[in-house]
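My notes follow the structure.

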Amino acid sequence: KQWYQRRVAITAGGLTMVVGPPGTGKTDVAVQIINNIYHNFPHQRTLIVTHSNQALNQLFQKIMGLDIDERHLLRLGHGEEGLGTDKDFSKYGRVNYILAHRLELLEEVGRLQQSLGVSGEVTYTCETAGYFNLYQIKSRWEEFKRQLKKQGGAEGGNGPGDVKEYFPFHVYFSNAPQPVFKGESFEEDLDVAEGCYRHIQRIFGELEEFRAFELMRSGLDRANYLLVKEAKIIAMTCTHAALTRRNLVKLGFRYDNILMEEAAQILEIETFIPLLLQEPEDGHNRLKRVVLIGDHHQLPPVIKNMAFQKYSNMEQSLFTRFIRLGVPAIELDKQGRSRESLANLYNWRYKKLGNLPHVLESPEYLTANPGFTFDFQLINVEDFNGVGESEPNPYFYQNLSEAEYVVAVYMYMRLLGYPGEKITILTTYNGQKHLIRDVVKQRCGDNPVFGFPNTITTVDRYQGSQNDYILLSLVRTKAVGHLRDVRRLIVAMSRARLGLYVFARVGVFANCYELTPAFNQLLLHPTDLHLCPDELFPTNRKAGDLPPKGRIIKNMPEMSKFVYDFYYDVIERLMKEQERDEARLKAEQKQQKKEIEKPAEEDAEVAEKNMKEMLSQPFLSFDQPTDIHDDSESDEEDDQGAESGRAIKIIALPQGDPQEFEPFPHVKYEEENLEGSKKQDEETSDLQSSVSDMTISKVEKEKGVMEVVEGASDSQVIKDTDSKNTKDTDSKNTKDTDSQDSIDSNKDEDDNFGPSLDELMS
């Protein structure tokens, strides 16, 4: 039904009025109307007007998300800085965007030129690019169509491969997803070819529109040209339209459609001014469509002068006047913002306001508010120290008790885990707004546990916005005040999506006749605040289910003390959790360290065990030793070995994984039994006989030569030709360490001496 209503607003000319209750999607309807007009009537220009910069920015941000070319969007006025985007949609920002985009398009033209092998400078300006399109691109496309027609006439129809064979821009589209032409159907390939050609022509079409920006050198001239000719969707507030009307008319500003959002908040005179921003053509107005979207049951225009407001009826908008006169209007009748229980607080004001399906089915709407017994509640706030409302300045109303109560509930919600950005604090007076801000800054400003809520503002300023949870302070304790206006009450009751908690003097507002329908719904629940502190955000409790255990708060001091104690309980619990986490982390690190050190200890134990087993099984080896120790250390080890009755020499270091060598993985030992045995005597006599026949003619060293005389029997004559360098030679010659040590010692200087038993064994 809403789609049909948008369709009527688009196709029908003249005046279209859309009445949208809270949460029915007035902004989304406006965005879709603009989108459809832009695509169905591409040569028409649309003007968007709203009452506030906030509403205009929300509408413009949604338009930016559509498939609308950025060069056709323009946002006028100082509120442009409030757009949540890095892009600049002001006049000069759009001019810079167009100039940068022009260079990108000229680069594409240069790539197209290279792909066709055309010489010359065609990317210098938009004009030269236009000539290139005329003489090179279009002519090739016409030749392509002529070849297809000729081929089809000759063969009685075109084949699947004809398009691929004659298409002239294969090289340019080589970076497109391949294959460009599948060759399965002639009609399908021809559609692809025409799409490629449209892409090329779109580039030259944009460059043709940018030619004027090359001719104009002044930034002001370019900005004015953008406003008058280039932009297709122009957005401004009604105040900006009134301030700049004279200049816009002088520039020759033109537009075909106008859409006003929040039309019920715009004065009649402010509604007429945007309709007259252009001069008539041939005595007729250019306007083709006027779309007014609003809700006359919400806040009217603000008139501060009471005489003008009441007796001159200036607070009546043109939108409201048309509704009262019976002008046909389209009414949106499904809301998708609030829970069904919250929607009952304001849907009595409308004839047949229902709920969209997601409100009845979505999990977030079916789940209760954590920490609260009810989805909405009216909390009675009594005087604190005998003081209720105060008025430091005329009409600057404040209520300290309500301010402290509201802030305490906000702190309680934050301690339960509610995100701060999902909580908004509203009030009906500016004085209370400033007081609540001061209390929040004092209580929560320097504490990261609480932080600040999303917004602290007045009900009037918050029209058109929404949030999940609303804390509302009504301030007054002596009289109802301007909340007696039902339209302001409707706005206040319709801002919340999931939870609404109203702080007020119940006796004052419950007896007001105008507010009876809403307060009868609020009084269905107790006026004392019902909490369930054991429940954290989020919860699995269903909406409407009562918590197993709760707590009732009677007044503001009790709530403040409860939050104070609850805060320290939460901090203590968090500290204990942090300590447990740190202890668990240390235990895990210690365990990891043990797991790393355990294999090393086991390897050391295995090595020591194998060493003991090897030493307990002595064996004798006459392999040629390889001493890896210094000479001085070897002498000391030999002496120590002689004293202990056993000398151990490392003679080999096998390579590879130590676990592969058995019985002992790393080293092989030579054991010498100095006490002697029969087996050793036999081996010694055999060795002496072999040594007697041994002859070493010459052994050359770096600094000396030893000569061994052949023919000696039991004794050998050894001449030391260079006794000065004997030590150096001995340290370098590691093949016979023990015999060299005996030579270096020079214990017997007699010419006739024989080798000792140790030397013969070595």
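These entries go through conventions, aromatic pairs, salt bridges and the patch.

**Conventions.** I worked on a predicted model, where local features need pLDDT of at least 70, side-chain atom pairs count only at pLDDT 80 or more, and totals for chains, interfaces and linings use all residues. Residues are numbered from 1 along each chain as its sequence is written, and side-chain values use heavy atoms, with hydrogens and water left out.

**Aromatic pairs.** I paired rings of Phe, Tyr and Trp (its six-membered ring) with centres within 6.5 Å; planes under 30 degrees apart are stacked, over 60 edge-to-face, the rest tilted. I found 26 aromatic pairs. I looked up phenylalanine 144 and phenylalanine 167: they sit edge-to-face, 5.9 Å centre to centre, with 85° between the planes. Phenylalanine 144 is in helix H5 (residues 126–155), and phenylalanine 167 is in the loop between helix H6 (162–166) and H7, 23 residues apart. Helices (H or I, at least four residues) and strands (E, at least two) are DSSP runs, numbered from the N terminus. I used under 20% relative accessible area for buried, over 50% for exposed and in between for partly exposed (1.4 Å probe, protein chains only).

Next I took tyrosine 418 and phenylalanine 537. Their ring centres are 4.9 Å apart and the planes meet at 40°, so I logged the pair as tilted. Tyrosine 418 is buried at 1% relative accessibility. Phenylalanine 537 is partly exposed at 25%.

I also noted a cluster linked by ring pairs; Trp141, Phe144, Phe167 and Tyr197 are among its members.

**Salt bridges.** I required a side-chain nitrogen of Lys or Arg within 4 Å of a carboxyl oxygen of Asp or Glu. The count is 36 salt bridges. Glutamate 70 and arginine 94 meet at 3.7 Å, N to O. They are 24 residues apart, with arginine 94 in helix H4 (residues 91–116). Arginine 94 is buried, at 3% relative accessibility.

Which side chains meet in a salt bridge at 3.1 Å, N to O? I found aspartate 534 and lysine 549. Both aspartate 534 and lysine 549 are exposed. I logged one network too, in which shared partners join Asp69, Arg71, Arg202, Glu206, Glu209 and Glu230.

**Patch.** Glu184, Glu187, Glu188, Asp191 and Glu194 form a negative surface patch. I joined like charges within 9 Å, using residues with over 30% relative accessible area and no salt bridge. Glutamate 194 lies in helix H7 (residues 186–209). I logged glutamate 194 as partly exposed, at 31% relative accessibility.

Methods: Patches are made of residues with over 30% relative accessible area and no salt bridge: like charges are joined within 9 Å, nonpolar side chains (Val, Leu, Ile, Met, Phe, Trp, Tyr) within 5 Å. Accessible areas come from the Shrake-Rupley method with a 1.4 Å probe; for residues, only the protein chains shown count as cover. Lys and Arg count as positive and Asp and Glu as negative; His and the chain ends are not counted. The place of a charge is taken as NZ of Lys, CZ of Arg, CG of Asp or CD of Glu.
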